[in-house]
Amino acid sequence: MTVTLADVAARARVSPATVSRVLNGNYPVAASTRERVLRAVDDLDYVLNGPASSLAAATSDLVGILVNDIADPFFGIMAGAAQTQIGGPGDGSGRAGGEKLAVICNTGGSPERELTYLTLLQRQRAAAVVLTGGAVEDPAHQAAMSAKLTKLADAGTRIVFCGRPPLPEGDALVAALAFDNRGGGRRLAEHLISLGHRRIGYVAGPPERTTTRHRLEGHREALRAAGLDAAPGEADGDRGSDDQDRLTVHGPYDRRSGYEATLELLRRAPDVTAIVAANDTVALGACAAVRDQGMRIPQDISVAGFDDLPFSVDAVPALTTVRLPLFEAGARAGRLAMGKENPPPGGIATIAAELMIRGSTAAPRG
């Protein structure tokens, strides 16, 4: 049943005129009253009419692109590529054609902010929503996301995931473009093992993120296959698990985290001969920490990253990493959001990761 402005007014115990004033922002309203109205809007999932030009249509000309951190090249590249397909030039006349207005929504990695943006886009009758990057693995948040995305889809909004796996209940999706993070993590570890590394440290991302878990799982799969999941001199599986935990330090996906986590890792296990970082930005911090400890890369210790961000090849030495086709994935997500491309079979596509071997990894000295 459609929720009306009168329903919101009754829930907030105010007049419909007061609700209208709060939502339109064109008249001063007491802060406590405004908060009560907005809470009622959220509780009832009231959808505000969009601009007058869109009232005759099911959706508006707005497309939302949700990112964790627009300053992070990982998200900036995907968002920029999606925008080329969403807000690109029309017929060359300077008049608005079939393109939409793409709006970047920076969540700061907050699950609550992610849901808030989806609510705001729902109220604006967004034509499409593109969600980028890994998801939070919290059952309550996943259930809230599934419910919110279903309501968006029911209202005609196209939902596309770019760089994240589908939710357990993903019927609302047009498509999910998921990176092969697990496969990339496995191939990177296999490369280091083939060089002769046996003690490999891992600077991981936040433990609650799907991207973190999948990359770390791939890394540990390679270690198990090579018989390196136990501590030196130990064959017991429990001790092996403990040792891998000791060789893993979690933190945010930023340079500072890479620096501090690497110092902690070297304190815990000074015998490591290689360090794998959660992404290339974290790897830069790891490289700085290694150098500050008086060690050389790769002569004394190898360092590797993930994503193949633009600066990776310009690091000194150039960073061995795993390339994800971020621009290509973002552009494809934009086409799917605009209905320019048919969804993949089953709505899910796994995008391959490519190992890029450069100068920051070499055989351990010994």
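Predicted model: local features only at pLDDT ≥ 70, side-chain atom pairs only at ≥ 80, totals over all residues.

Modeller: Residues are numbered from 1 along each chain as its sequence is written, and side-chain values use heavy atoms, with hydrogens and water left out.

Colleague: What makes the span of helix 11 close to the expected one?

Modeller: Helices here are DSSP runs of H or I with at least four residues, strands are runs of E with at least two, and both are numbered from the N terminus. The expected span is 1.5 Å times one less than the number of residues. Helix 11 (residues 280–292) has 13 residues and reaches 18 Å from first C-alpha to last, close to the 18 Å expected.

Colleague: Why is helix 11 called mostly covered?

Modeller: Buried means under 20% relative accessible area, exposed over 50%, and partly exposed in between, with a 1.4 Å probe and protein chains only. Ten of the 13 residues of helix 11 are buried, among them Asp280, Gly285 and Cys287. The cover includes helix 10 (255–268) and strand 8 (274–277), where contact means heavy atoms within 4.5 Å.

Colleague: Why is the pair of Phe74 and Phe75 called edge-to-face?

Modeller: Rings of Phe, Tyr and Trp (its six-membered ring) pair if their centres lie within 6.5 Å; planes under 30 degrees apart count as stacked, over 60 as edge-to-face and the rest as tilted. By this rule there are two aromatic pairs. The centres of Phe74 and Phe75 are 5.0 Å apart and their planes stand at 80°, so the pair is edge-to-face. Phe74 and Phe179 also pair edge-to-face, at 6.3 Å between centres and 70° between planes.

Colleague: What does the pair of Phe74 and Phe179 tie together?

Modeller: Phe74 lies in helix 4 (residues 73–86) and Phe179 in strand 5 (residues 175–179), so the pair ties together parts 105 residues apart in sequence. Phe74, Phe75 and Phe179 form one aromatic cluster.

Colleague: How do you know that Phe75 is buried?

Modeller: Phe75 has 7% relative accessibility, so the residue counts as buried.

Colleague: What makes Arg113 a charge over the ring of Tyr117?

Modeller: The rule asks for NZ of Lys or CZ of Arg within 6 Å of the ring centre and within 35 degrees of the ring normal. The charged end of Arg113 sits over the ring of Tyr117, 4.6 Å from its centre. Arg164 lies over the face of Phe161, at 5.3 Å from the ring centre.
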